[in-house]
Amino acid sequence: MIHNFNAGPSVLPQSVFKQAANAVLNFNNSGLSILEFGHRTPDFIDVMEEARKLVKELMNLDDNHEVLFLHGGASTQFMQVPMNLLDEKETAAYTDTGVWGAKAIKEASLFGKVDVVCSSKDQNYSYIPKDFAVPNDAKYLHITTNNTIYGTQWQHIPFTSNSMVADMSSDILSRQLPFNKFDLIYAGAQKNLGAAGVNIVVVNKNILGKVKRRIPTMMDYRNHIAEQSILNTPPVFAVYVCLLTLRWLKAEGGVQEMERRNNLKAEMLYSAIDQSKIFKGTAAKDDRSKMNVCFVMDNEEQEKQFLTYTQSLGIVGIKGHRSVGGFRASLYNALESSSVEVLVNAMKHFEENN
Ligand SMILES: *Cc1c(COP(=O)(O)O)cnc(C)c1O
């Protein structure tokens with residue numbers, strides 16, 4: 001039994017793997033593989049339609065919010081967002097809460113002015129900034145809802161009168177949020193939603209078409225909305241895996257149930273860290289992520305021993321990102337709580353014997 005704590009690409013439900021494997025051999029009893037299936041066939045158009053509808057339903061989105069499946073990973077959204085929303089002389093407000101946010105800032109500054117309204121870089125991004133002001137005339141405020149590398153998460157979304165844009169790559173559909181209060185949400189699918197190769201973008205169509213620049217066809221959200229995410233060949237297989245995961249999520253009880261499970265898993269692991277004398281959390285307590293749990297030991301030699309020990313138990317993917325060190329356990333929707341139990345027991349056992 002493998003317990004997969006990878007940060008992304010990451011664990012998905014076993015039932016999704018089985019159905020995806022079946023579709024590689026024979027999609028919808030067509031005798032064809034999903035890998036050789038035309039993207040403009042009725043069967044695939046149905047896949048795309050159902051996937052978009054399920055995102056809308058699971059996030060309770062109103063009719064102003066459109067759901068798109070696009071190429072290029074979340075990193076492409078770092079540029080596509082300002083290209084569509086920010087004119088050269090305008091200012092956008094950005095929060096600097098990690099490497100991903102910093103990359104978003106760098107791209108936005110290619111298109112307009114960027115006001116970095118807060119930063120936690122001074123303490124290696126181990127906390128979420130609290131008191132900061134956002135200028136009223138900022139075109140939008142950009143946040144990274146969950147900082148995958150550092151294990152911090154906005155527990156209170158800092159809504160202002162500004163338009164709100166969020167990178168939700170590592171916590172989309174993991175907790176209930178007032179999604180309609182965001183004007184644009186994007187997420188690479190490979191963390192919590194499906195296979196690598198596709199992004200989910202949720203956009204309030206009323207904010208589009210306001211910039212003066214000319215936008216290349218593939219970069220203009222309006223073209224993707226008009227063609228219902230089949231403007232060109234979409235990543236067919238990746239979209240299909242998203243659909244399977246979305247169906248699973250709905251059948252399991254939706255976002256509310258995911259949040260309940262994710263809270264329990266995170267509580268289990270954080271309380272083990274808090275009770276331990278040898279493991280220490282790296283993120284500020286109030287800002288700890290329910291998705292990515294980062295912890296370290298004082299002694300690097302001991303960290304190596306713990307890693308070897310956990311490998312023998314089938315635990316994979318807990319080595320921390322190089323910029324934080326130690327360990328990172330990612331507890332995405334599909335991770336079973338029994339896997340967290342195995343990790344927690346391993347920590348206790350290791351502590352007793354060292
Ligand atoms: C992984 C990640 C990204 C980058 O995603 P790609 O799909 O590899 O471009 C961006 N933002 C966050 C918060 C992430 O966790």
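Which residue in β9 is the bridge partner of Ala-166? The partner is Ile-185. Strands and helices here are DSSP runs numbered from the N terminus (helices H or I, at least four residues; strands E, at least two).

The structure is a predicted model: local features need pLDDT of at least 70, side-chain atom pairs count only at pLDDT 80 or more, and totals for chains, interfaces and linings use all residues. Residues are numbered from 1 along each chain as its sequence is written, and side-chain values use heavy atoms, with hydrogens and water left out.

The protein has 9 helices and 14 strands. Its radius of gyration is 21 Å, close to the 20 Å that the globule rule gives for 354 residues, so the protein is as compact as a globular protein of that length. The radius is taken over C-alpha atoms; the rule is 2.2 Å times the number of residues to the power 0.38. Buried residues make up 55% of the 354 (under 20% relative accessible area, 1.4 Å probe, protein chains only).

Seven strands form an open sheet in the order β2-β10-β9-β8-β5-β3-β4, with mixed pairing. Pairing requires at least two DSSP bridges between two strands. The twist averages 15° from one strand to the next. Helix α3 (residues 73-85) packs on this sheet and touches β2, β3, β5, β8, β9 and β10 (contact: heavy atoms within 4.5 Å). The helix direction makes about 160° with that of β9. Axes are lines fitted to C-alpha atoms, for helices over the stretch in contact, and angles run from 0 to 180 degrees between N-to-C directions. Strands β8 (residues 163-167) and β9 (residues 184-188) run parallel, joined by 3 bridges.

Technical notes. Buried means under 20% relative accessible area, exposed over 50%, partly exposed in between (1.4 Å probe, protein chains only).
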